[in-house]
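Dear colleague,

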Amino acid sequence: MDNKPVLELKGVSKNFGAVQALYNVDFTCRAGEVMALVGDNGAGKSTLIKGIAGIYKLDAGEVFFEGKPVTITSPRDTADLGIEVVYQDLALADNLDVVANMFLGREALTRGILLDEAKMEQEALETLQSLSVTTIRSVRQAVAGLSGGQRQAIAVAKAVMWNSKLVILDEPTAALGVAQTRQVLDLVRRLADRGLAVVIISHNLHDIFEVADRITCLRLGQKVAEFIPSETTQQEVVHAITAGELDTVPGMVQ
Amino acid sequence: MSDMTKARQAGPIEAGGGKQQTLGEYVNAWWSRIKGGDLGSLPIIIGLILIIGIFGYLAFDKNFFSARNYVNLLLQVSGITAIATGVVFVLLIGEIDLSIAFVGAVGSVTMTLLLTQGEEGLNWPWYAAVGAAMLVTTLIGLLHGAIITRAGVPSFVVTLAGLLAWSGVVLILTTQYSKAGTIVIQDPVVKGVANAFLPKIWGWIVYAVVIIGFAATEFYQRASKARQNLSIKPMGISLFQIIGLAVIAGAAVWYANTDRGVPVSIMISLVFLFFWLFIANRTRFGRYVYAVGGNPEAARRAGINVNMIRIACFMISSFMASVGGIILASRLGSVSTNTGGGNLLLNSIAAAVVGGTSLFGGTGRVTSALLGALVIASVENGMGLMGWNSGVKFVVNGMVLLAAVLVDAYSRRSRASSGIA
Ligand SMILES: Nc1ncnc2c1ncn2[C@@H]1O[C@H](COP(=O)(O)OP(=O)(O)OP(=O)(O)O)[C@@H](O)[C@H]1O
Ligand SMILES: [Mg+2]
């Protein structure tokens, strides 16, 4: 696919005090493609996507969305661009029901101020059905009562319900059993086939080789390699993750 | 929102199909919620029956059940309900406000001073004085909220400092403008707030409007759910709720009318209660309050301005404290160095918690302020009739609050273990 990148980061950096979480990272993802982001614990994967999402302010670098330079300073900005993020910790409000969670921050209203509960319930049901999420008994039950896989499904459904162009998933299968992992990977593939750009973070290379079109590898906050699964092996990727070549960062202890 | 365009896929929808749940399904779902620790209003209703039973027995020959005492009870309930309504909002976001009693007192003292008449007086009209008092207290809430969110200091500490500081302000104001430390409210309208009663026919008119309004909303909601093919609760339950409300409220109005009638002050508190109930349940702001209480991080990522919601809740609690403060001052006819002291703080927070609003944030209803205030005021009223001394009263009040907190902690634990909230 030689289409233009949906999202392009050039030379982004982020540090937390003395910790250089990201250094001079380039990153792209394209429509209809699944881009996997791999790296060891603490490599900076979550930091990178939180930077994209507007949770953290990036210290340096440029961000382009559909070719245009953008500045993202809050989660609202991200949502307005059409970027949806499913976090590692999901960030669902346990005390609210499924519908309220799926619409949080974007509630449908009638007459300008009233919550349009019926409309929201209806649309939540439709989205869940379109994603073949069938295991949830009632969309009016509190999220706290759901299993890990169901919660993941709610979070993904929440992300695709909007007119999103890019969906980012941080370790969506980490806590899931075999069958539920299968469902989530199928879901990821379906999103890309719908023409969305998808970024998936995972530690499971087997899953990644199955679902990804490209792989970006981070190590200690730097991008050390980009792979195409069909042209590489898991060993090569593992090598990059653990021993990929680094630039010398000012002040870095080698 | 207008940009609600969805990446929707075609396909038949099989939602609730616009079908009614059967009564059995509804009752089963309700019972499994209770078993899971989501007790709703059940503990408070049992508590209310228990307390009325106990004092009805102990103070029976002291006319606990007389219409006169019942109307007195309604007067007592009014002030606590108003203050507790504000408390519910701070509890919902998982915070606490210990300053409410004295903030309310700052409000009522401000109002009383502005109402002083004669050459030396300020001679403000009642509406301006009341408005000014509400404005001042709302700004106090803004101040508390701003400090709590900007400095990241626990609300417990900030509002404890507020408790001390505002009690000092009450002392300064009352002693500065009167030697005796008591200032009499000189405006007939404000005095009437807690000393006037609805004409009997108006009691029934208000009653009719409320019941018809409730029934209309209920049926409107059923109709719009049916139109959207969503599942609907059984008709029997809707009718049961409407008739239940009609019977209870009807009895309440009828019995008050056999004495002096429905107090104006309880109507004022109920108007505010229903207003905030509406805000909490039907608006975006209310939804965000619950979200912030349930998971502030999720709220933040959803683009909600969490600090704004927090500040707004402290403003609501201070504002409602002034409403309650004014009602209480009106009842006494004056403000003094003692205004805002005593058990008022404890009673107001206890009312919200007893009513079923969790101290842990995220769960509770605005109506819990009224139910809780009924319990607290009944205890207070019963103990007054019995002529118990204040030592005993404090012990009993402490036990009631403890019981409520234990029920809260228990239901939270079993919710956690059964995975509901
Ligand atoms: N809020 C923060 N404050 C300080 N340091 C942080 C913060 N968030 C992340 N870091 C640090 O930044 C580095 C990158 O963390 P990050 O969470 O991005 O790693 P990750 O690649 O997602 O790891 P994992 O696979 O364990 O999820 C780590 O050294 C981490 O300790
Ligand atoms: Mg991570």
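Among contacts in chain B between residues at least 6 apart in sequence, what percentage join residues at least 24 apart? The answer is 80%, where a contact means heavy atoms within 4.5 Å.

Before going further, please keep in mind that this is a predicted model, in which local features need pLDDT of at least 70 and side-chain atom pairs count only at pLDDT 80 or more, while totals for chains, interfaces and linings use all residues. Residues are numbered from 1 along each chain as its sequence is written, chains are lettered from A and ligands numbered from 1 in the order in which they are written, and side-chain values use heavy atoms, with hydrogens and water left out.

Chain B

Chain B contains 16 helices and two strands, these being DSSP runs numbered from the N terminus (H or I of at least four residues for helices, E of at least two for strands). Its radius of gyration is 23 Å, close to the 22 Å that the globule rule gives for 421 residues, so chain B is as compact as a globular protein of that length; the radius is taken over C-alpha atoms, and the rule is 2.2 Å times the number of residues to the power 0.38. Along the principal axes, the C-alpha atoms of chain B fill a box of roughly 80 × 55 × 40 Å.

Of the 421 residues in chain B, 49% are buried, where buried means under 20% relative accessible area, exposed over 50% and partly exposed in between, with a 1.4 Å probe and protein chains only. The accessible surface of chain B comes to about 19400 Å², and 68% of this belongs to carbon and sulfur atoms; such areas come from the Shrake-Rupley method with a 1.4 Å probe, and for residues only the protein chains shown count as cover.

The cores

The largest nonpolar core has 113 residues, of which B:Met111 and B:Trp276 touch the most other members. A nonpolar core here is a set of buried Ala, Val, Leu, Ile, Met, Phe, Trp, Tyr and Cys residues joined through side-chain atoms within 4.5 Å. Helix α3 of chain B (residues 67-92) gives the most to this core, with 15 residues. If neighbours within four places in sequence are left aside, B:Trp276 is in contact with B:Thr85, B:Phe89, B:Ile316, B:Phe319, B:Met320 and B:Val366. A second, separate core of 58 residues includes A:Leu92, A:Leu187, A:Ile200 and B:Leu230.

Chain A

Chain A has eight helices and twelve strands. With a radius of gyration of 19 Å, close to the 18 Å that the globule rule gives for 254 residues, chain A is as compact as a globular protein of that length.

Two residues of chain A deserve a look at the backbone. A:Glu66, in the loop between β4 (60-65) and β5 (68-69), has a positive phi of about 50° although it is not a glycine, and A:Glu66 is partly exposed, with a relative accessible area of 40%. A:Glu171, in the loop between β9 (166-170) and α6 (178-193), likewise has a positive phi, of about 45°, without being a glycine, but A:Glu171 counts as buried at 13% relative accessibility.

With best wishes
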